[in-house]
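The notes follow the order in which I checked them.

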Amino acid sequence: MKATRGLFTMPSKDKADMRQLPMMPIRDVVIFPHMMTPFVVGRESSVWALEEALSADKKIFLATQHDASVDDPSPDQIYQVGTIVSIIQSLKLPDGNIKVLVEGVERARLVSVTQEDGFYRAGVQVYTVGSVPSDNMGDLINRVTSSFEQYVKQSQNLNYETMIAAVRVDDPGKLADTIGANLQLTIPEKQGLLEIFDPIERLTRIAEVLDIELEKLNVDRTIQNRVKRQMEKAQKEYYLNEKIKAIQKELGKGEKSEYDELRKKIEAAGMTKDAKEKSLSELKRLENMPPMSAESTVSRNYIDWLLAVPWKKKSREIRDLAFAEKVLDEDHYGLDKVKERILEFLAVRRLVKDPRGSILCFVGPPGVGKTSLGKSVARATGRKFIRMSLGGVRDEAEIRGHRRTYIGALPGQIIQMMKKAGTKNPIFMLDEIDKMSTDFRGDPSAALMEVLDPEQNYMFVDHYLDVEYDLSKVFFIATANVLHTMPAPLQDRLEVIRLSGYTEYEKLEIAKRHLIEKQVAKHGLTKADLEFSDEGVLGLIEEYTREAGVRNLEREIGNVCRKIARKVVSRGKKEKRKKLVLKADNLSDLVGVPRYRDLQAEKKNQIGSAVGLAWTEVGGQLLTIEATLLDGKGQLMLTGKLGDVMQESAQAAMSYVRSRSQTLGLPKDFYRHLDVHIHVPEGAIPKDGPSAGITLTTTLVSALTRVPVRGDVAMTGEVTLRGKVLPIGGLKEKLLAAHRHGIKEAILPKDNEKDLPDIPDIIKRDMKLHFVEHMDEVLMVALESPIGALPTPPPPPKAAKSSGTEEKLPH
């Protein structure tokens, strides 16, 4: 047998022929010799090359370009081996393109390229490669032909009869080119076949490629058979299910139609992929359960909850700032800074195309309008409003729900409220967030952190649903009276907006704009029955209510309306209806005895009594501090249920007075024979905080120097042992309380002067504010007369056993 190598003839050893032909780069196709191929010519350079060939011998050189996306390829972007073709037919299309049919003649190698008249002219070298017939070549041709027949049978893209007729040739080169042109190969793979000039080597490569392609087709056929079997199984199940439906219909049972309805709802609900899979899986289990079993009820409830929660429905948000500002002004008077902050949030939401839900927290005393402000935000943005009260919630399951393993399990309040809203982007108010508590059942505030964290709440998991639910589109608004009862991590997730309270004149405007009209309509009255004068409403505010908000004021207005309603009903039909005008002189007849006395009459200058300002959860309050002297041995007694911080402030005040005894005109050892008793009235109420230092010191100095403290001055601030006055918090609430009680002057720490922009203008106009840095400045303002002008007080009595009697002090 002859060696196979002797059959291969290298191109370099055969006869080479040089030709000059027009060249056309083609893309996404490799043209082989002996093959008829149609394609469309559109590039201008290609059209010129085609016209040049048509005007000559209709021969043109076609070579495939490397990158099909390049419109004007350079010679180095074109493969070096192509095909000389003969143009069989050409047809000019209406859009200017030319459709041509070419037949490959022979392969050639690109040697040189020149550009003339707008197209490439190529110098190509054609190799005539011969092959010596042998027994091995016949075996190779038979093997390739057999493999290609199998390939055509398994391939659905080729016509069997046509392909078999095409490959019945004895020429190995033509056979290799015919098969290579019809194989489903990539452009680089086909180009690789084109570049093999030796026919036997090319046919051998075709045999290897056919083996690989046949293996791929076998794998595809195996997969198709498997899919076909699965489809047949599905069709069988469908047929049986249809028969079951028909049988159930004959028996009068319609469960299947109900299941189909559920399946349609699940498909249309817009659930996440995980939720949809769980729903369909649970529905499949439900179909296989007996209808009367207890577990079927559990599964049905679970599916109903998954369908009830809004997955894709959302309200169309109004992002008009002018409309939002109008709504906020209509619903609330004052609160300018709060409204400004809300409008800033809405402005950001307008600029961002797909904003995440905002998380605000309104903090302020009761009755200042925190909840109603949330409703106004919902009205201003056109969203649904839902409210959840967290007061007294102590179970984590209230937030995250119970697992379905428990009997009677339900989703948490978050999911229940979302179902109630019916949209995925409501305004969700979490009321009284500061009043949650903790017990052995878990910490609801810790569970709430996931809800209120924008980085986590897009994948909130309720224990009952057990699938991720997106809360990132929800606008959360929390309300609280105080912040110190909330865990620090929870506070960190909230954007806090403080609502301090209203002045008397703001309350008057609120009553005139909102409360009176609401209560008159609520009690069935008209403007012809009752009218509220400004002085009458101010009388209600000053003598019958003492609060930061307007809740009690609304209650008192309702009380007046009820009394008028009774008079209207008791009046005879023929009796003419008379309008009653509420004025200051008839308040006591309608509302009763004033609950609060005129504080101006109480504020007399007194020795050992000073007025301090305190902050509470319901707003600012006045705090009277009293001091009296007793025979004793230097003991400091503190009563009034004072906290540790306030007791330490009293001790610091005493130490300061002792260190300044000479400046204050006191004997150096004055404290040795005296007991000092400091008392804060309303002893049943706990009191604590760091801001009573200057009030305690002023009270002590007044009691020891016998200089009265001015009754129209209130003060707040902490004091150090050296007399420095330190800043305090809650300044706005404290000044509102002082203004409410008729105080004309206030002593405040110098460092709190920066908070003046937050103080209402009416307070700055009606009150004189003294900002001090040292205790000496406090005494100069607070005491009735300067201490330096007083004579040295008489020496204390001789040491003796304390009689327990209180030292007589002038009132």
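My notes below take salt bridges to begin with, then the pockets.

**Entry 1: salt bridges**

I am working from a predicted model. I looked up the salt-bridge total and found 42 in the structure.

I then went through individual pairs. Glu-396 and Arg-400 join their side chains in a salt bridge, at 2.6 Å from N to O. I checked how accessible each partner is. Arg-400 is buried at 17% relative accessible area, because the cut-off for buried is under 20%. Glu-396, at 23%, is partly exposed.

Next I took Glu-432 and Lys-435. Their side chains also meet in a salt bridge, with an N to O distance of 2.8 Å. I noted Glu-432 as partly exposed, with a relative accessible area of 25%. Lys-435 is partly exposed too, at 35%.

Then I turned to Asp-761 and Lys-764. The closest N and O atoms of this salt bridge are 3.6 Å apart. Where do Asp-761 and Lys-764 sit in helix H25? They are three residues apart in H25 (residues 761-766), so about one helical turn separates them. Asp-761 is exposed, with 57% relative accessible area. Lys-764 is partly exposed, at 34%.

I also found a network. Salt bridges link Glu-282, Arg-285, Glu-295 and Arg-404.

**Entry 2: the largest pocket**

I looked up the volume of the largest pocket: about 1,300 Å³. Its lining has 46 residues. Nearest the centre I noted Gln-621, Leu-622, Leu-623, Thr-624 and Glu-682.

Which elements each supply at least two residues of this lining? I listed helix H21 (599-602), strand S16 (609-616), strand S17 (619-631) and helix H24 (731-740). S16 gives the largest share, eight residues. By class, I recorded 20 nonpolar, 13 polar and 13 charged residues in the lining of the largest pocket.

**Entry 3: the second largest pocket**

The second largest pocket has a volume of about 960 Å³. I found 36 residues lining this pocket, with Lys-337, Ser-500, Lys-732, Asp-758 and Ile-759 closest to its centre.

I went through the elements again. Helix H11 (336-351), strand S13 (495-498), helix H17 (504-522), H24 and H25 each supply at least two lining residues here. H11 provides the largest share, six residues. The lining of the second largest pocket divides into 15 nonpolar, seven polar and 14 charged residues.

Terms used: Residues are numbered from 1 along each chain as its sequence is written. This is a predicted model: local features need pLDDT of at least 70, side-chain atom pairs count only at pLDDT 80 or more; totals for chains, interfaces and linings use all residues. Side-chain values use heavy atoms; hydrogens and water are left out. A salt bridge is a side-chain nitrogen of Lys or Arg within 4 Å of a carboxyl oxygen of Asp or Glu. Buried means under 20% relative accessible area, exposed over 50%, partly exposed in between (1.4 Å probe, protein chains only). Helices (H or I, at least four residues) and strands (E, at least two) are DSSP runs, numbered from the N terminus. On a 1 Å grid over the protein atoms alone, a cavity is a set of points where a 1.4 Å probe fits but cannot get out, and a pocket is an open set with protein on both sides within 12 Å along at least five of seven lines; lining residues have an atom within 4 Å of a point. Grid points are joined across faces, edges and corners, and a volume is the space filled by probe spheres set on the points. Ala, Val, Leu, Ile, Met, Phe, Trp, Tyr, Cys and Pro count as nonpolar, Asp, Glu, Lys and Arg as charged, and the others, Gly among them, as polar.
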